[in-house]
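Biologist: I have a structure to read with you. Shall we go through the terms one at a time and check each against its cut-off?

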Amino acid sequence: MSSRATAAAAAAAAAKATCVRELFGGAMTCAVPERLEDISRFREVQDNQEVFCDASADESLIVELLALDEAVADADAARHYFDDIALCNDATHAESVANVRHRTAAEVAPKIDPKEVRYVGMLEGVQHVTKFKEHAANKVAVKVCVLRLPRVQTDLVVSLNTPLEIAAGSSSGSHGTRLTPPAEAAAVFDSLLASLNILDYSLFC
């Protein structure tokens, strides 16, 4: 087996080591890697967010419900949220590494009723992010997917932040951060989206 095939097999196996998590009080569900912990167990999280983190890899996964802003065109939505994440991360530099991919709900999130989804956009990029106002900036891969749900006036935004390089002097290096291979991160993101389900639309009322 080639090294590329071996890496792909390892990534697929890692993505399968998941458990179904309830989101927003059970109104939604998705499969999240077992290694990612629910941050709400340790600190307060905004009501419109579900946040999971693997401290050993400095990796975070966020599912967020935001008001659908019609001033942002569908084709620009993924880039809009990528830039918003960069702002929230206090990123010193951010750039997309691939063009926005326009997808269908059936391709990306088949468990969600496609009649509810007007548009799906995906974007991958890299941000240089500091922790705790440090000077050393880590290189972080950011994956974003936005599903626009017009009937309930909501943008459902899923993002995955995975460090690619830990800068010298960053506190992330002090605990021997494990870098998640890109293939594994991609498999985790795709697996989560494929399992994402909305069980109770009264969540959006």
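Biologist: How do the residues of the lining of the largest pocket divide into nonpolar, polar and charged?

Modeller: This is a predicted model, to begin with. The lining of its largest pocket has 15 nonpolar, eight polar and eight charged residues.

Biologist: What makes a residue count as charged here?

Modeller: Asp, Glu, Lys and Arg count as charged. Arg 43 is among the lining residues nearest the centre of the pocket, so Arg 43 belongs to the charged group.

Biologist: Which other residues lie nearest the centre of the largest pocket?

Modeller: Ser 60, Cys 88, Asn 89 and Val 129 do, along with Arg 43. The lining has 31 residues in total. Two or more of them come from each of strand E4 (49-54), E5, H2, E8, E9 and E10. E5 gives the largest share, five residues.

Biologist: How much space lies in the largest pocket?

Modeller: About 1,000 Å³.

Biologist: Which residues of H2 are buried?

Modeller: Ala 77, Ala 78, Tyr 81, Phe 82, Ile 85 and Ala 86. Look at the spacing with this in mind: an α-helix has 3.6 residues a turn, so residues three or four places apart point the same way.

Biologist: What do the buried residues of H2 pack against?

Modeller: They pack against five strands: E5 (59-67), E6 (93-96), E8 (119-130), E9 (137-149) and E10 (154-165).

Biologist: What about helix H4: how many residues does it have, and what does it reach?

Modeller: H4, residues 182-195, has 14 residues. From first C-alpha to last it reaches 20 Å, close to the 20 Å expected. Its buried residues include Val 188, Phe 189, Leu 192, Leu 193 and Ser 195.

Biologist: Why is Thr 29 called buried?

Modeller: Buried means under 20% relative accessible area. Thr 29 has 15%, so Thr 29 is buried. Its place is in strand E2 (residues 28-33).

Biologist: Where does Thr 29 sit relative to Ser 195?

Modeller: In sequence they are 166 residues apart. In space, C-alpha to C-alpha, they are 7.6 Å apart. Thr 29 is in contact with Ser 195, and also with Val 20, Leu 23 and Leu 199, among others.

Biologist: Why is Arg 118 called partly exposed?

Modeller: Arg 118 has 37% relative accessibility, so Arg 118 counts as partly exposed. Its place is in the loop between helix H3 (105-108) and E8. Leaving out residues up to four places away in sequence, Arg 118 touches Leu 68, Glu 70, Asp 74, Arg 148 and Pro 150.

Biologist: Asp 113 lies in the loop between H3 and E8 too. What makes Asp 113 partly exposed?

Modeller: The relative accessible area of Asp 113 is 29%. That value falls between 20% and 50%, so Asp 113 is partly exposed. The C-alpha atoms of Asp 113 and Ile 198 are separated by 8.3 Å, although the two are 85 residues apart along the chain.

Biologist: What is the phi of Asp 58, and what is that of Asp 90?

Modeller: Asp 58 has a positive phi near 55°, and its place is in the loop between E4 and E5.

Biologist: Now the whole chain. How many helices and strands are there, and what share of the residues is buried?

Modeller: The chain has four helices and 11 strands. Of its 205 residues, 46% count as buried.

Technical notes. Residues numbered from 1 in each chain as written. Predicted model: local features only at pLDDT ≥ 70, side-chain atom pairs only at ≥ 80, totals over all residues. Heavy atoms only, no water. Buried < 20%, exposed > 50% of the residue type's maximum accessible area, 1.4 Å probe, protein only. Contact = heavy atoms within 4.5 Å. 1 Å grid on protein atoms, 1.4 Å probe; cavity = no way out; pocket = protein on both sides within 12 Å on 5 of 7 lines; lining within 4 Å. Points joined across faces, edges and corners; volume = space filled by probe spheres on them. Expected span 1.5 Å × (residues − 1).
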